Amino acid sequence: MTNIVIIGAQWGDEGKGKIVDWMSEKADVVVRFQGGHNAGHTLVVDGTTYKLSLLPSGIVRGKLSVVGNGVVVDPWALKDEMKRISDLGVKITPEVLRIAENAALILPLHRELDQMREAAAGKGKIGTTGRGIGPAYEDKVARRAIRVGDLAERESLPGKIERLLAHHNALRKGMGEALVDGEALYRQLIEISEVILPFAEPVWKTLDEQYKAGKSFLFEGAQGSMLDNDYGTYPFVTSSNTIAGQAAVGSGMGMKAVDHVIGVVKAYTTRVGSGPFPTELFDETGDLIRSEGHEFGTVTGRPRRTGWFDAVLVRQAITVSGVHGLAVMKLDVLDKLDELKICVGYEHKGKRLDTYPMGLNAQAEVKPVYETLPGWKSSTFGIRDFARLPENAKKYIRRLEELVGVPVDVISTSPEREDVIIIRDPYAKA
Ligand code: GDP
Ligand code: IMO
Ligand code: MG
């Protein structure tokens, strides 16, 4: 049994879904531990595309799929997603899906607040997914959230709604928005509780039972290290911790469960939404990467910003998550480029930096220092054997390893499940 945490080591959309799906063949349990339906994880299996937001990617293989307490759950979005994925032939029953009873809910008022704030922020907006993630986490930390298990305690629910609305209606009044009617919200919650409660349980207990029975776990991160609420490009981040340590907190498994941490990166970099991005490209190369990589958001359809691989940022992500090995995705997207750049440091106010500064101004001001490598100008699409990669692609991978300081475990060369090159099987290691 080997338990593996898979996290994004850039700004999200690295290809975590594909890696989790591919690795879940050998896992028994797949656990989401943070984020919500701001995530968009794409799996392509024999030509069929599955886009998952809240459901753990293991659901497609029928693995025990757990939504941990660290996740914020929009039950209406969950209902829609269950329908969408069931329609593709995936079985979603309480046998395979479990949702933490102590996970906080995302309500319509959170989504509305997220969108109202973004609209009011104009140019200063974060570029959120507009799904209510931030406001839901705020209420969780402020101890006024309604949690999944609260839906089963009908007598105490009106009091909780009243507490919640005391805050939100004051805010809405100040913003000149319509107030939320507590009784209507109560009715909405009772109605949706029938959809979600069959899946709700103390998942920490289930996970412990599975652990003691020798089952193996995959912890499926969402977003990426640079969107982490502590370590990312704050305030242009998401409202949860996205780094590997959150797997313990957001599942109730504790530290014992983790044997290996995989950091997922693209062979280049993308970002969606606002905020600093030192290696961003505004030229044809950036456009080529966007079109070759189909870099448009899974959740919002927004074009993703594109740029060169930033070894400094990835090195930091590796440190704060305790990453053991990388999964390098989308190598094939770089096939047509004449040359490739890798950011190996920054210049700021005449000084050379080998870490990313914390201040927002400094983050925006740093100039990347690049190393240039020759392209390979041939197709790597679908290659499954390292030896078959063009020499310059091998050199690129080897250089990334040297610069970030951990080995590459796997390389991905197409969206399809089986198109991966295994360099070091994470299951063989532990
Ligand atoms: P996630 O949020 O980290 O799970 O990543 P997304 O699913 O949002 O974005 C990754 C996109 O790249 C998806 O459309 C995948 O199907 C696609 N993808 C994943 N790996 C590869 C690869 O190696 N090559 C190519 N061309 N596409 C890939
Ligand atoms: P996956 O799991 C990429 C970004 C948003 C925005 C910021 C805050 O598919 O990698 P939020 O709605 O979370 O408050 O938005 O975070 N963001 C993501 N970017 N991939 C994601 O998830 C993201 N989830 C949130 O674009 O910049
Ligand atoms: Mg995504």
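Select strand E13 (residues 325-329) and strand E17 (residues 408-412) in this predicted model: the two pair in the parallel sense over three bridges. Strands here are DSSP runs of E with at least two residues, and helices are runs of H or I with at least four, numbered from the N terminus; two strands pair if DSSP finds at least two bridges between them. Within this pair, Ala 327 stands opposite Val 410 in E17.

Next, display the whole sheet.

Now select Leu 326. This residue is among those with the most contacts inside the largest nonpolar core, which has 92 residues. Such a core is a set of buried Ala, Val, Leu, Ile, Met, Phe, Trp, Tyr and Cys residues joined through side-chain atoms within 4.5 Å. Helix H12 (residues 391-404) supplies the largest share, six residues.

Finally, centre on the magnesium ion (ligand 3), coordinated by Asp 13 (OD) and Gly 40 (O) at 2.0 to 2.2 Å. Donors are N, O and S atoms within 2.8 Å of the metal (3.2 Å for Na, K and Ca); water is not among the atoms, so the site may look incomplete. Asp 13 is partly exposed, at 23% relative accessible area, whereas Gly 40 is buried, at 12% (buried is under 20%, exposed over 50%, partly exposed in between; 1.4 Å probe, protein chains only).

Residues are numbered from 1 along each chain as its sequence is written, while chains are lettered from A and ligands numbered from 1 in the order in which they are written. Local features need pLDDT of at least 70, side-chain atom pairs count only at pLDDT 80 or more, and totals for chains, interfaces and linings use all residues; side-chain values use heavy atoms, leaving out hydrogens and water.
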